[in-house]
Amino acid sequence: IAEDGKKNEDRLFLKKSNDLNVRVSEANYNELAKQINNTLKKYDINTCIRKIHFFAQLYHETQKLTTTYETDPSSSVSGGDYYRGRGLVHLTHDYNYLHYYDYRFNKSFFKSYLAHRVGYESVNQFNTRTENKYISVDEMKKVDEFIKLVSTELFYACDTAGWYWKEYKINTFADKDDLINVSAIINNPSAKNVTSTTNIRGYSERRKYYDLMKIIFDYENCK
């Protein structure tokens, strides 16, 4: 029993936020363990130190496994509030969602966006400027509908976390036990090779959970 009187099993993804979090039928530790174990294997998060960093970040991003939907997004989310953080590491920004959509469905819209965008315009700005030449209105609607599943279906909540981890080569920094850069890339996809924690949102909490995971994993003795 936790301090708030809730049983531990009742705390998992308890912040329902109008059905925007993982559905109740999947919000249990057995299903979570199954999906996370599949994710770890699929995306090569397969050493003790990699797992420590991965779990520390997802624990912070999900507010201790209570939500898969960001309720207070940054004002700088590319594409607008709709593209706020979802999933176990809170995938954010319209371009990241488009990239993952391409990955899941073997599309190439993200490549077209990268090849033809102007500056760092959002996908929505890109579509407006190009009059949906590269991504049709109907196809973008499919992307936007799919995005909802990242926070409501546990498979996608876990899979996006693993995909993002591998896509941005976070294992490279986890292998060096570099919490600053692991945190930087999770918090800001363009950030890496930094030495300061000033612009990393929630770094002190990430550090606390990292230290906790080292204890849980018995880091000195685990492989």
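These are my notebook entries on a predicted model, taken element by element.

**Entry 1: the core**

I began with the largest nonpolar core, which has 60 residues. I looked up which of them have the most contacts inside it, and found Phe13, Leu32, Leu88, Leu98 and Trp165. Helix H8, residues 154-167, gives the most to this core, with eight residues. I noted a general point beside this: in soluble globular proteins, nonpolar side chains tend to be buried together.

I then took Phe13 by itself. Setting aside residues up to four places away in sequence, I listed what Phe13 touches: Val22, Ala27, Leu32, Leu65, Thr66, Thr67, Thr68, Leu88 and Leu154. Leu32 and Leu88 are on that list, and both are also among the core residues with the most contacts.

**Entry 2: helix H8**

I went to H8 next. Its 14 residues should span 20 Å at 1.5 Å a residue, and its end C-alpha atoms are 20 Å apart, which agrees. How many of the 14 residues of H8 are buried? I found 11, so H8 is largely enclosed by the rest of the structure. The buried residues are Leu154, Tyr156, Ala157, Cys158, Asp159, Thr160, Ala161, Gly162, Trp163, Tyr164 and Trp165. They pack against H2, H3, H4, H7, H9 and H10. After the helix comes Lys169, with a positive phi near 55°.

**Entry 3: Trp163**

I stayed in helix H8 for Trp163. Is Trp163 buried or exposed? Its relative accessibility is 3%, so Trp163 counts as buried, the limit being under 20%. Leaving out neighbours within four places in sequence, I found Trp163 in contact with Tyr43, Leu91, Asn96, His99, Tyr100 and Tyr103. Of these, Asn96, His99 and Tyr100 are buried residues of H4. I also looked up Lys42, which is 121 residues from Trp163 along the chain; their C-alpha atoms are separated by 8.8 Å.

**Entry 4: helix H4**

H4 covers residues 94-105. Its 12 residues should span 16 Å at 1.5 Å a residue, and I found the end C-alpha atoms 16 Å apart, which agrees. The buried residues of H4 are Asp94, Asn96, Tyr97, Leu98, His99, Tyr100, Tyr101 and Asp102. They pack against H5, H6, helix H7 (137-152) and H8. Just after H4, I noted Asn106 with a positive phi of about 55°.

**Entry 5: helix H3**

H3 covers residues 48-61. It has 14 residues and reaches 20 Å from its first C-alpha to its last, close to the 20 Å expected at 1.5 Å a residue. Of those 14 residues, 12 are buried, so H3 is largely enclosed by the rest of the structure. Gln63 follows the helix, and its phi is positive, near 50°.

**Entry 6: H5 against H6**

I looked at one helix pair, H5 (residues 109-116) and H6 (residues 123-130). They pack at an angle of about 75°, with their axes 11 Å apart. That angle makes H5 roughly perpendicular to H6. Which residues make the contact? From H5 they are Ser112, Tyr113 and His116, and from H6 they are Val123, Phe126 and Arg129. By type, I recorded three nonpolar, two polar and one charged.

I ended in the loops. Glu26 lies between helix H1 (8-11) and helix H2 (29-42). Its relative accessible area is 13%, so Glu26 is buried. Apart from neighbours within four places in sequence, Glu26 is in contact with Glu31, Thr152, Glu153 and Leu154. Leu154 also touches Phe13.

Asp44 lies in the loop between H2 and H3. Its phi is near 60°, a positive value in a residue other than glycine. With a relative accessible area of 30%, Asp44 is partly exposed.

Asn132 sits in the loop between H6 and H7. Its phi is also positive, near 55°, and Asn132 is a residue other than glycine.

Terms used:
Residues are numbered from 1 along each chain as its sequence is written. This is a predicted model: local features need pLDDT of at least 70, side-chain atom pairs count only at pLDDT 80 or more; totals for chains, interfaces and linings use all residues. Side-chain values use heavy atoms; hydrogens and water are left out. A nonpolar core is a set of buried Ala, Val, Leu, Ile, Met, Phe, Trp, Tyr and Cys residues joined through side-chain atoms within 4.5 Å. Buried means under 20% relative accessible area, exposed over 50%, partly exposed in between (1.4 Å probe, protein chains only). Helices (H or I, at least four residues) and strands (E, at least two) are DSSP runs, numbered from the N terminus. Contact means heavy atoms within 4.5 Å. Axes are lines fitted to C-alpha atoms, for helices over the stretch in contact, and angles run from 0 to 180 degrees between N-to-C directions. Angles under 35 degrees count as roughly parallel, over 145 as roughly antiparallel, 65 to 115 as roughly perpendicular and the rest as oblique. Ala, Val, Leu, Ile, Met, Phe, Trp, Tyr, Cys and Pro count as nonpolar, Asp, Glu, Lys and Arg as charged, and the others, Gly among them, as polar. The expected span of a helix is 1.5 Å times one less than its number of residues.
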